[in-house]
Amino acid sequence: MNFDLEESEKDVAYKLLVGLVAPRPIALVTSMDENGVLNAAPFSAYNYLCTDPPIVGIGVTNRLEERFAPKDTARNIRRTGEFVVNVVTEDLAERMVVCAADAPPEISEIDMAGFRSEERRVGKECRS
């Protein structure tokens, strides 16, 4: 079977590629803006590119606007050169979905998803 991806609709190419490239682990990529606001965004389009040196690649699209408008993750990484790839386990899946929201840059998806409140709760349990 042959597929001409240049002639296919974007969603057809996407479905074909995600079906062929497996497994597709989900990463929750975190980055920080210039004001210290943490951004978290789930990515299924990421992978390691090399092990020596260790290089990870992620595919970040732009916002759906007419002009070039980078998403918070891309803007933060370009500014700092830093990001963290967090592997999403099943117990984090629901909160990861919350982080997929297109929140304004000044809103932390980490807080929206309740990651910090759990951190505080676990910390209190550990001290008890």
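**Exercise 1: The cavity**

Searching the whole structure, which is a predicted model, turns up one cavity of 30 Å³ or more.

*Task.* Work out how much space lies in the largest cavity, which residues line it, and which helix gives the most to that lining.

*Solution.* 
- Step 1: start with the volume. The largest cavity holds about 40 Å³ of space.
- Step 2: collect the lining. Its residues are Asp33, Val37, Leu38, Asn39, Asp72, Arg75, Asn76, Pro105, Ile107 and Glu109.
- Step 3: sort those residues by class. You get four nonpolar, two polar and four charged residues.
- Step 4: Strand S2 (38-43) and helix H2 (72-80) each bring at least two residues to it. H2 gives the most, with three residues.

**Exercise 2: One lining residue up close**

*Task.* Take Asp72, a residue of the cavity lining. Is Asp72 buried or exposed, and what does its side chain make a polar contact with?

*Solution.* 
- Step 1: Asp72 sits in helix H2.
- Step 2: check its accessibility. The cut-off for buried is under 20% relative accessible area. Asp72 has 6% relative accessibility, so it counts as buried.
- Step 3: find the polar partner. The Asp72 side chain makes a polar contact with the side chain of Arg75, at 3.0 Å. Arg75 is also on the list of cavity-lining residues.
- Step 4: look further along the chain. Skipping neighbours within four places in sequence, Asp72 is in contact with Ser31, Asn39, Arg63, Ala103, Pro104, Pro105 and Glu109.

**Exercise 3: The nonpolar cores**

*Task.* Which residues make up the largest nonpolar core, and which residues does Met96 touch?

*Solution.* 
- Step 1: list the members. The eight residues of the largest nonpolar core are Leu28, Ala40, Val88, Met96, Cys99, Ile110, Ala113 and Phe115.
- Step 2: look for a core apart from that one. There is another, of five residues, including Ala27, Val29, Ala41 and Tyr46.
- Step 3: go back to Met96. Not counting residues up to four places away in sequence, Met96 touches Ile26, Leu28, Pro42 and Val88.

**Exercise 4: A helix residue**

*Task.* Where is Ala13 found, and is Ala13 buried or exposed?

*Solution.* 
- Step 1: Ala13 belongs to helix H1 (residues 10-20).
- Step 2: its relative accessible area is 14%, so Ala13 is buried.
- Step 3: Ala13 and Phe3 are 10 residues apart along the chain, and their C-alpha atoms are separated by 8.7 Å.

Definitions and conventions
Residues are numbered from 1 along each chain as its sequence is written. This is a predicted model: local features need pLDDT of at least 70, side-chain atom pairs count only at pLDDT 80 or more; totals for chains, interfaces and linings use all residues. Side-chain values use heavy atoms; hydrogens and water are left out. A nonpolar core is a set of buried Ala, Val, Leu, Ile, Met, Phe, Trp, Tyr and Cys residues joined through side-chain atoms within 4.5 Å. Buried means under 20% relative accessible area, exposed over 50%, partly exposed in between (1.4 Å probe, protein chains only). Contact means heavy atoms within 4.5 Å. On a 1 Å grid over the protein atoms alone, a cavity is a set of points where a 1.4 Å probe fits but cannot get out, and a pocket is an open set with protein on both sides within 12 Å along at least five of seven lines; lining residues have an atom within 4 Å of a point. Grid points are joined across faces, edges and corners, and a volume is the space filled by probe spheres set on the points. Helices (H or I, at least four residues) and strands (E, at least two) are DSSP runs, numbered from the N terminus. Ala, Val, Leu, Ile, Met, Phe, Trp, Tyr, Cys and Pro count as nonpolar, Asp, Glu, Lys and Arg as charged, and the others, Gly among them, as polar. A polar contact is a pair of N or O atoms within 3.5 Å; within protein, one must be able to donate a hydrogen and the other to accept it, and residues adjacent in sequence count only if both atoms are side-chain atoms.
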